[in-house]
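The structure comes first, then the details.

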Amino acid sequence: MLGTALVEMAADKYEILAQFNKTEPIKGAVEYLQCDFNHAEFLLPMLNRLKPDAVIHLAAITDTNFCEENPDFTSKLNVTAVFIIARWCAQQSIPFIFTSTDLVFDGKNPPYSETCEQNPLMVYGEQKAMAEKKILSIYPGALICRVPLMFGYKNGKPGGFLRGLIDTIGKKEYASQFRDEYRTPVYTRRVAKGILIGLKKKLKGYLHLGGSQRLSRYHLGLLVCEVFDLDSVYNKPSWLKDTELAKKRPLDVSLDSGLAIENGYDPGDLKADFIDLRERLRIN
């Protein structure tokens, strides 16, 4: 989903060699190569053959429940592959940008700036935090872009949490949404622009690319219902603190994106960006 946005935003400025695993993207002016990053033995031959001038690494297994249940398997992509690619970029002295997550934080002291201490509660957050540390230990010139809950599209359809909400509520089924879990959601096209700013300005270290509004999952659902003309009665309020998930799911990982904004990043307006996505996909 983020890769789709990045390709669209960068295609007129750069020659792009984009990788995919199972879901083949809609073909355009960009060259796509199939690659399974879980098989680390293929990474170095691929990089040596392509000889890129910069690498933006977006690939990850982001399903938090799957990561909890399969930590060893998911670590191959979320940690091991990242280290191999970062080390190769360091050896070549080329820009390396890695996308991490707001879930490297525990949700107890929001909003989180780039200097805040990591303390992940979930396996996925632990893997991303480990990857961050490995990257900067071998390549201090790398840029780590932490991103929040994102919405966007791929292959002409809504992606991320948005797809699940539209599908469920559109069928007049209840979607349980936490009133006490807060994020700073953002459009993938905004994040893509932020990444390209980091590439152009040769930024390094950490950069937060969050949205402009702090919203609970429940209130985010209400906004989705409003923009996509869905019946909000099916956006069912619930409380994270009353579930077993509360032990490993942070309540508030809102990001402070002030540094990125100082460098030209525009987090946008959430409602306007939902409308933009709706019009791009012609969703009535």
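## Contacts of Ser 257

Leaving aside neighbours within four places in sequence, Ser 257 is in contact (heavy atoms within 4.5 Å) with His 208, Leu 209, Gly 210 and Tyr 265. The model is predicted: local features need pLDDT of at least 70 and side-chain atom pairs pLDDT 80 or more, while totals for chains, interfaces and linings use all residues. Residues are numbered from 1 along each chain as its sequence is written, and side-chain values use heavy atoms, without hydrogens and water.

Ser 257 sits in the loop between strand E13 (235–238) and helix H9 (258–262). Helices (H or I, at least four residues) and strands (E, at least two) are DSSP runs, numbered from the N terminus. Ser 257 is buried, at 6% relative accessible area; buried means under 20%, with a 1.4 Å probe and protein chains only.

## Polar atoms around Ser 257

The side chain of Ser 257 reaches the backbone nitrogen of Gly 210 at 2.7 Å. A polar atom of that Ser 257 side chain also lies 3.4 Å from the backbone oxygen of His 208.

## Helices H1 and H7

The axes (lines fitted to C-alpha atoms over the stretch in contact) of H1 (residues 2–10) and H7 (residues 188–201) come within 8 Å and cross at roughly 60°. That makes H1 oblique to H7.

On the H1 side, the meeting residues are Leu 2, Ala 5, Leu 6, Glu 8, Met 9 and Ala 10. Their H7 partners include Thr 188, Arg 189, Val 191 and Leu 196.

Technical notes
Buried means under 20% relative accessible area, exposed over 50%, partly exposed in between (1.4 Å probe, protein chains only). A polar contact is a pair of N or O atoms within 3.5 Å; within protein, one must be able to donate a hydrogen and the other to accept it, and residues adjacent in sequence count only if both atoms are side-chain atoms. Axes are lines fitted to C-alpha atoms, for helices over the stretch in contact, and angles run from 0 to 180 degrees between N-to-C directions. Angles under 35 degrees count as roughly parallel, over 145 as roughly antiparallel, 65 to 115 as roughly perpendicular and the rest as oblique.
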